[in-house]
Amino acid sequence: MKINVKHVAKLANLPLSDEEEKKFEKQLSEILTYIEQLNSVDTKNVEITSQITGLENISRDDKTSPSLPQDEALFNTKSIHNGMFKVKKVL
Amino acid sequence: MKPVIGLEVHVELKTKSKMFCGCSADYFGQKPNTHTCPVCLGLPGALPIPNKTAVEWCVILGMALNCNIPLFSKFDRKNYFYPDLSKGYQISQYDEPFCLAGNIKLNTGKTIGITRVHMEEDTGKLIHGNVDGEEVTLIDFNRSGVPLIEIVTEPDFDNAKDVVDYLKKLQQIVRYLEISNADMEKGDMRLEPNISLRIPGQTDLPNYKVEVKNINSFRFVEKAIDFEIKRQTEILEKKATPLQETRGWNEAKQKTVSQRVKEEASDYRYFPDPDIPPIRWSRDQLAELKKQIPELPIAKKGRFISEFQISEYDSEILTRAIESADYFEEAVRIGKDHNVSPKSLANYIINKKINLENTLPAELIKAIISTSSYATIDNDKISKVVGEVLAQSPQATNDYKAGKTQALQFLIGKTMSILKQKIDTRIIIEEINKQLK
Amino acid sequence: MNYSAYSIKGLRDGFKKRQFSSEWVVKDCLSDIKDNKLNAFITVCEKEALEKAKEADKKIKDGVDLPLLGIPISIKDIYLTKGIRTTAASKVLDNYIPQYSATVVEKLEDAGAIIIGKTNCDAWAHGSSGENSDYGSTENPYLEGYVPGGSSSGSAVSVADNMCFASMGTDTGGSIRLPASFCNVVGLKPTYGRVSRYGIIAMASSLDSIGHFTRYVEESALILSITAGRDMNDATTTNEKVDDYESYLRKDIKGVKIGLPKEYFTEGLDRKIKEGIEKEVKSLEKRGAKIEIISLPNTKHANACYYIIQPAEVSSNLGRYDGIRYGNGRDLFGEEAKRRIMLGTYVLSSGYYDAYYKKAMQARTLIKKDFDDAFKEVDVIITPVSPTLPWKLGEKTSDPLAMYLSDIYTVTANLAGIPGLSVPIGLIDDLPVGMQILGPHFSEGRLFQVGQAVEDSGL
């Protein structure tokens, strides 16, 4: 299995060095080969399990609760302007 | 060449709290980042709990749009990166949305298919600008996590006018259901038409599609679509294919401009959100929700015509907003006791452009009674006509002067017949007396 | 004076009888942490802990009775603690000070516990050895140069080496049970949905279980009775009644049906570990337990299944760390996090979803069904925790796949959502070995019953 490391890294928003790209290409291929043993499992007509609890219909009533004060919301960043988070201009 | 147009509309709900947390959803005009919590700010470890009302409203809207409501549904994660998306994924619905396969019937009689109606959450708001000489983007997460319903149509439109009609009808339904203000300028309702053209003889869908964003009024959507049709026609006539891209409507330039060319198909890596148990409706629950749907515009319009014998035109105007429709019905109820017909009420409300917020229906009836029997007419006209009548009828005038009251009736009748209006006789008598003094 | 000989119960008695104070005990723990060279902690909460100890002593004097009043515990540095730096052992969160506390942290503090520090772990809980921490590896307290097991490495070590009396960890594929086994302590992975995940940095949301380390089985029961229960902030916690766990400790083992799945005792298993477990099982049998060989046929696919679902969820859960609202940029993710993000992104990407992710979710159904079927026949299942003894630091770091294979006996419980208890069965070649007891959903009480019997075996 050949994995397009550059493309996947871009999807994952992950900056990788050339060295890392090479290393991951090899390691991920090995791991993929290992996990492809699942192909031998007969899963015809088998339901999926995405959650294990069997819970359904869990929701909350439409009621408000207090929000964080602005200074707490912004507490862990230094890049602030006028009460907003500031980043380099995006398109 | 024949346009192929589909539409994605986002409607922001007016729930009290956000979609997955208890922060107030009433963020408009508030100080930035004052309506956030661990959940909508995407802090580590925070988990979403769905807002029951928002979920129910989504289903109710789907029902109002004639959708099928599958008994099983779930939330999925849509993974992508953008600074306004606090978790690196948006909680949305992928392959099992709340509502499927509905429709809206247009004025022309054409039916537009609705592919799906699903529930998701809004993102934060980005503001681009220059701070200390640096080009920056500022982020306010107050809007992050506000409930959003997405309504996706089939590519059933072939002109801009139909799109506008569809949008007006959708907006009307949403407002009837009282689930959103659907105010385009405030961003409660956002539209993204995708437009392409079939070349003559082509039956399948075109192999490209242009999405237009940044449209915040019905007027602009019409202009943007017409512009795109013209632009794409010119390209196709040169035997080229328009680029698959996202464009934005630029009102100042009166044209769409390219925003982003999609290099590769977006890959959102959807998967079922493990934090939110799925939703399973019982038939009873769905029946209960269905009961919550009020009479919708089309039904109301039809009922007004048949029940109150008003014109289709009047009914259309009166049922445009639930407020005016309710007002009219209340006025009809009160008017019944005062012999004021629904028809005259409709005329009065529509022609006099009554301010419904400042005038109670009872006040309106009073006003109609006091003016409808004695239509107002300016005094100059009355005095002119009375003058003419007196001059043309010397016999009756003299008789009246001599104290014969039948002569007065003759003069009044004559005046009225010239005025061709029902007027308070006291005004005419007063004028006659004045002129004979 | 050294208080490590006391159990939690012993400490509480001592407090009540004024033999010593919480402040003394906390000071003793703090000095043990200072002297310790195993790198079990990332942040030590010296000032806060001492203040809390004084408060606790005052409350004890006032006759306040809380189950953990004045007891120092440690918390894996993946639980959010309001005002106390929380790093997930990653430089991405090197400077992150949480605005809120995890539900479990609040529950423990409400029960009187004193948080003495935040423990080291594999960054983002990715790892089986404790070596993936950006703050350095933790070392096994039993043999120099050996791994303590991961990912909750520091938590296991902090309890094993008497730096505190209990520790909270997380278990997504074995991250509590494996280090418990490697460090000779009791480790519980509760039923998925039994303990709230709110405020705990998510690794793989459908697998993450919130459990703990103690030195004795009865203490494990005590801690669970505090942490368990429905949380309105975690939609995956259930309304299922919280059992009186401590009542199971005194129950006789007689008649309890124990299954030994043959798939867990095959050639990959270290012979000495196998013998150790067989000895314990014999002892249980002697005391009246019924032993049955059973089969869990889909076991062999569990690890492959796990290494699809887990990285997929990891790739999504780590999406929020973009350095905008808190923390540093994504370039600071360590190698293992990057590897899992890449793998997870790939298996979810367009064109591969059905072949990997969907297939894995189907395999998960089969694995769960294996257990459902087995628990129709037996009350609990006993297996090894790890196929091998603790290995040397650095031995597997360059071979991620070999590292992943150390989870083969533990990932099944996470996939099936069932509880698992790792209890010590002694030392082999100077290294600790644990045994795993698995039960059906919400059978923690039964696990404590069997665990207590193992602890009492005297072997």
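Which residue of β8(B) does A:K88 stand opposite? The residue is B:V136; the points below set this pairing in context.

1. Basis of the note. The model is predicted: local features need pLDDT of at least 70, side-chain atom pairs count only at pLDDT 80 or more, and totals for chains, interfaces and linings use all residues. Residues are numbered from 1 along each chain as its sequence is written, while chains are lettered from A and ligands numbered from 1 in the order in which they are written.

2. Strand β2 (residues 84-88) of chain A pairs with strand β8 (residues 134-140) of chain B in the antiparallel sense, over four bridges. Helices (H or I, at least four residues) and strands (E, at least two) are DSSP runs, numbered from the N terminus; two strands pair if DSSP finds at least two bridges between them.

3. Hairpin in chain A. β2(A) is also joined by two bridges to strand β1 (residues 80-81) of chain A, and these strands run antiparallel. Within this arrangement A:I80 stands opposite A:F85 in β2(A). The hairpin has two residues between the strands, and A:N82 takes a positive phi near 50 degrees.

4. Helix packing in chain B. The axes of helix α7 (residues 322-336) and helix α8 (residues 342-351) of chain B come within 10 Å and cross at roughly 135 degrees. That makes α7(B) oblique to α8(B). Axes are lines fitted to C-alpha atoms, for helices over the stretch in contact, and angles run from 0 to 180 degrees between N-to-C directions. Angles under 35 degrees count as roughly parallel, over 145 as roughly antiparallel, 65 to 115 as roughly perpendicular and the rest as oblique.

5. Residues of the helix contact. From α7(B), B:F328, B:A331, B:V332 and B:G335 meet B:P342, B:L345, B:A346 and B:I349 of α8(B). Two residues are in contact if their C-beta atoms, placed from the backbone, lie within 7 Å. Seven of the contact residues are nonpolar, one is polar and none is charged. Ala, Val, Leu, Ile, Met, Phe, Trp, Tyr, Cys and Pro count as nonpolar, Asp, Glu, Lys and Arg as charged, and the others, Gly among them, as polar.

6. Contact of chains C and A. Here 43 residues of chain C are in contact with 38 residues of chain A. The largest share of the chain C side, ten residues, comes from α11(C). That side of chain C comprises 21 nonpolar, 13 polar and nine charged residues.
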